[in-house]
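Subject: Structure handover

Hello,

Here is the structure I promised to pass on. Please open it alongside this note.

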Amino acid sequence: MAKLNIVIGGVGGQGVITMGKMLIRAVKPEYKAVASETHGLAQRGGAVNVHVRIGDVYAPLVPLGRADYVIGLEAIEGLRNIRYACDSCVLVLNNKVQRPAIPKVALPTIDELINTAKNYVKVVVLVNAEDLALKAGNVKAANTVIIGTMLAVGKLRDFVDEEVLVNSLNDVNRKALYLGMENYDIVFSK
């Protein structure tokens, strides 16, 4: 039976957990879906991870090397979770690097992160999720922009009922979803 493994990484306040719930609610009825989340210091801008597994799965955590998608709502967090990527993984990165709370840390550039990611994944997709969310009407819809990009690239569309997803969204998020479907760059593909 088919299955899909997704690891979403971000920092507190980006809607990482909400994004996981949105995906679970839209899964086609013939598939089972489970999820797990970690968010220890999320309220202080710390890392938040959500694992979403759809299809013939029994445990909520994605095994290392088995994620079909690794998502970075913040680009560094996307790379932090790259160990979950399978050989055919699609890495979707928000074009945003957020300074960590630790002082005097050298921030990598998006280009440096992408060059590192090329060693681990088949496809790297870059999307300016926050600008598109603002264009849709609210920066908080950046996670919905990313879901739109996921629908446009990779195999999420096989597992999610797009009509259910669209009908569950308000006008701003619906616009953000469509903007994400149409505005992304595949910056690397093997």
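Predicted model: local features only at pLDDT ≥ 70, side-chain atom pairs only at ≥ 80, totals over all residues.

Seven strands form an open sheet, ordered 2-3-1-4-5-6-7. The pairing is mixed. Strand 2 (33–38) and strand 7 (185–189) are the edge strands, each pairing on one side only. From one strand to the next, the twist averages 15°.

Now strand by strand. Strand 1 and strand 3 (residues 47–55) run antiparallel and are joined by nine bridges. Isoleucine 6 has valine 52 as its bridge partner in strand 3. Strand 1 also pairs with strand 4, here in the parallel sense, over four bridges. There isoleucine 6 stands opposite tyrosine 69 of strand 4.

Strand 4 and strand 5 (residues 85–94) run parallel, with five bridges between them. Alanine 67 is opposite alanine 85 in strand 5. Isoleucine 71 is opposite valine 92, also in strand 5. The link between these strands is helical: strand 4, helix 2 (residues 75–80) and strand 5 make up a β-α-β unit, and the unit is right-handed.

Strand 5 and strand 6 run parallel as well, joined by five bridges. Valine 90 stands opposite valine 123 in strand 6. From strand 5 the chain passes through helix 3 (residues 110–117) to reach strand 6, in a right-handed β-α-β crossover.

What is covered

How much of strand 4 is buried? Six of its six residues are, so strand 4 is largely enclosed by the rest of the structure. Strand 5 is mostly covered, with eight of its ten residues buried.

Asparagine 5 sits in strand 1 (residues 3–11). Beyond its neighbours within four places in sequence, asparagine 5 contacts Val52, Arg53, Val57, Val62, Arg66, Ala67, Asp68 and Tyr69.

Salt bridges

How many salt bridges are there? The count comes to five. Side chains of opposite charge can pair when their charged atoms come close.

Take aspartate 68 and lysine 155. Their side chains meet in a salt bridge at 3.6 Å, N to O. Aspartate 68 is in strand 4 (residues 67–72), while lysine 155 is in the loop between helix 5 (142–152) and helix 6 (162–167), so the pair ties together parts 87 residues apart in sequence. Aspartate 68 counts as buried, at 12% relative accessibility. Lysine 155 counts as partly exposed, at 34%. Aspartate 68 is also among the contacts of asparagine 5.

Next, arginine 157 and glutamate 162. They form a salt bridge, with the closest N and O atoms 2.9 Å apart. Arginine 157 is partly exposed, with a relative accessible area of 37%. Glutamate 162 is partly exposed too, at 23%.

Then aspartate 171 and arginine 174. Their side chains meet in a salt bridge at 2.9 Å, N to O. Both residues lie in helix 7 (residues 171–182), three residues apart, which is about one turn of the helix. Aspartate 171 is exposed, with 62% relative accessible area. Arginine 174 counts as partly exposed, at 25%.

Asparagine 128

One more residue to look at. Asparagine 128 is placed in the loop between strand 6 (123–127) and helix 4 (129–136). Asparagine 128 is partly exposed, with a relative accessible area of 31%. Its side chain makes a polar contact with the side chain of aspartate 131, at 3.0 Å. Setting aside neighbours within four places in sequence, asparagine 128 is in contact with Asn94 and Asn95. Where does aspartate 185 lie relative to asparagine 128? The two are 57 residues apart in sequence and 9.2 Å apart in space, C-alpha to C-alpha.

Best wishes

Conventions: Residues numbered from 1 in each chain as written. Heavy atoms only, no water. Helix = DSSP H or I, 4+ residues; strand = E, 2+ residues; numbered from the N terminus. Contact = heavy atoms within 4.5 Å. Salt bridge = Lys/Arg side-chain N within 4 Å of Asp/Glu carboxyl O. Buried < 20%, exposed > 50% of the residue type's maximum accessible area, 1.4 Å probe, protein only. Polar contact = N/O pair within 3.5 Å; in protein donor to acceptor, adjacent residues only side chain to side chain. Pairing = 2+ DSSP bridges. Axes fitted to C-alpha atoms, helices over the stretch in contact; angles between N-to-C directions. Right-handed = clockwise from strand over helix to strand, strands pointing away.
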